Amino acid sequence: MSDEFIIAKLGEPVLRQPAVAVTDFSDASLSAFVDRMLGAMIKAGGVGIAAPQVFDNRRIMIIASKPNPRYPNAPAMAPLVMINPVVKQFYGEKVADWEGCLSVPGIRGLVARFDKVDVSFNDVSGQTIEMTLDGFVARIFAHEFDHLEGRTFVDAVKSPRHLIAETLLPKVLSGDIVLEF
């Protein structure tokens, strides 16, 4: 059996189901699962991943912002494993930006999200952690949290006109293509 995960694609039922809380933090396989999730995310070039994206229905997500070809301006941070994340409050400005998703390859969508969020979550040992996330990291959190709720970024765009082929993103950002909304 391969040690690699297959990424669930849009249309897979697991991406539309709310994930369930992790209750057993003593299971040694939890840490191994998280390590494999992180490997899948890195291999796919993502900056975040949620367990439903690897066909697992637990409330586990990883955010790991870093510059890469898909997100060249992303800030660098160490991977942050969040188990059973809870949103305390979204706040700040709503900022529209282009998002992609490992489960929706080749498509970007213009999504407005708050630029700050207060969260609490468990680490792999079960310890509760609280923190504030902002900017691009808050966006990654909101995107991955949506996966735990059974949603994708496609559900968050205002209209189908806010979806484009990923290959066109550089032209849209440079102004060579002007979109009409």
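Colleague: Which residue of E4 is the bridge partner of Tyr91?
Modeller: Lys116 is the bridge partner of Tyr91 in E4. Before we go on: this is a predicted model, in which local features need pLDDT of at least 70, side-chain atom pairs count only at pLDDT 80 or more, and totals for chains, interfaces and linings use all residues. Residues are numbered from 1 along each chain as its sequence is written, and side-chain values use heavy atoms, with hydrogens and water left out.

Colleague: What makes E3 and E4 paired strands, and how many bridges join them?
Modeller: Strands pair if DSSP finds at least two bridges between them. E3 (residues 80-101) and E4 (residues 104-122) are joined by 13 bridges and run antiparallel, so they pass that test. The two strands form a hairpin with two residues between them.

Colleague: How many bridges join E2 to E3?
Modeller: Four bridges join E2 (residues 60-63) to E3, again with the strands antiparallel. One of the linked positions is Ile60, whose bridge partner in E3 is Ile83.

Colleague: How many helices and strands does the protein chain have?
Modeller: The chain has three helices and six strands. Here helices (H or I, at least four residues) and strands (E, at least two) are DSSP runs, numbered from the N terminus. In order from the N terminus, the elements read α-β-β-β-β-β-α-β-α.

Colleague: Why is the protein chain called as compact as a globular protein of that length?
Modeller: The radius of gyration, taken over C-alpha atoms, is set against the globule rule, 2.2 Å times the number of residues to the power 0.38. For this chain of 181 residues the radius of gyration is 16 Å, close to the 16 Å from the rule, so the chain is as compact as a globular protein of that length. Along the principal axes, its C-alpha atoms fill a box of roughly 55 × 40 × 30 Å.

Colleague: Why is Leu80 called buried?
Modeller: Buried means under 20% relative accessible area, exposed means over 50%, and partly exposed lies in between (1.4 Å probe, protein chains only). Leu80 has a relative accessible area of 17%, so it counts as buried. Leu80 is found in strand E3. Leaving out residues up to four places away in sequence, Leu80 touches Met61, Ile62, Ile63, Phe121 and Met131, where contact means heavy atoms within 4.5 Å.

Colleague: How do you know that Thr152 is buried?
Modeller: Thr152 has a relative accessible area of 1%, so it is called buried. Thr152 sits in the loop between H2 and strand E6 (163-165). Beyond residues up to four places away in sequence, Thr152 touches Leu10, Arg16 and His147.

Colleague: Which residues have the most contacts inside the largest nonpolar core?
Modeller: They are Met61, Ile63, Met82, Val117, Val119, Leu133 and Phe141, in a core of 19 residues. The elements giving two or more residues to this core are E2, E3, E4 and helix H2 (135-148), and H2 gives the most, with six. A second, separate core of 17 residues includes Ile49, Ile60, Ala64 and Ile83. What makes each a nonpolar core is that buried Ala, Val, Leu, Ile, Met, Phe, Trp, Tyr and Cys residues are joined through side-chain atoms within 4.5 Å.

Colleague: How many aromatic pairs does a search of the whole structure find?
Modeller: The search finds three. Rings of Phe, Tyr and Trp (its six-membered ring) pair if their centres lie within 6.5 Å; planes under 30 degrees apart count as stacked, over 60 as edge-to-face and the rest as tilted. Phe5 and Phe33 are 5.5 Å apart, centre to centre, with 70° between the planes, and form an edge-to-face pair. Phe5 lies in the segment before helix H1 (29-44) and Phe33 in H1, so the pair ties together parts 28 residues apart in sequence.

Colleague: What are the distance and the angle between the planes for Tyr71 and Phe136, which form a tilted pair?
Modeller: Tyr71 and Phe136 are 5.4 Å apart, centre to centre, with 50° between the planes. Tyr71 lies in the loop between E2 and E3 and Phe136 in helix H2, so this pair ties together parts 65 residues apart in sequence.

Colleague: Which charged end sits over the ring of Tyr71?
Modeller: That of Arg108, 4.6 Å from the ring centre. A charge sits over a ring if NZ of Lys or CZ of Arg is within 6 Å of the ring centre and within 35 degrees of the ring normal. Arg58 likewise lies over the face of Phe33, at 4.5 Å from the ring centre.
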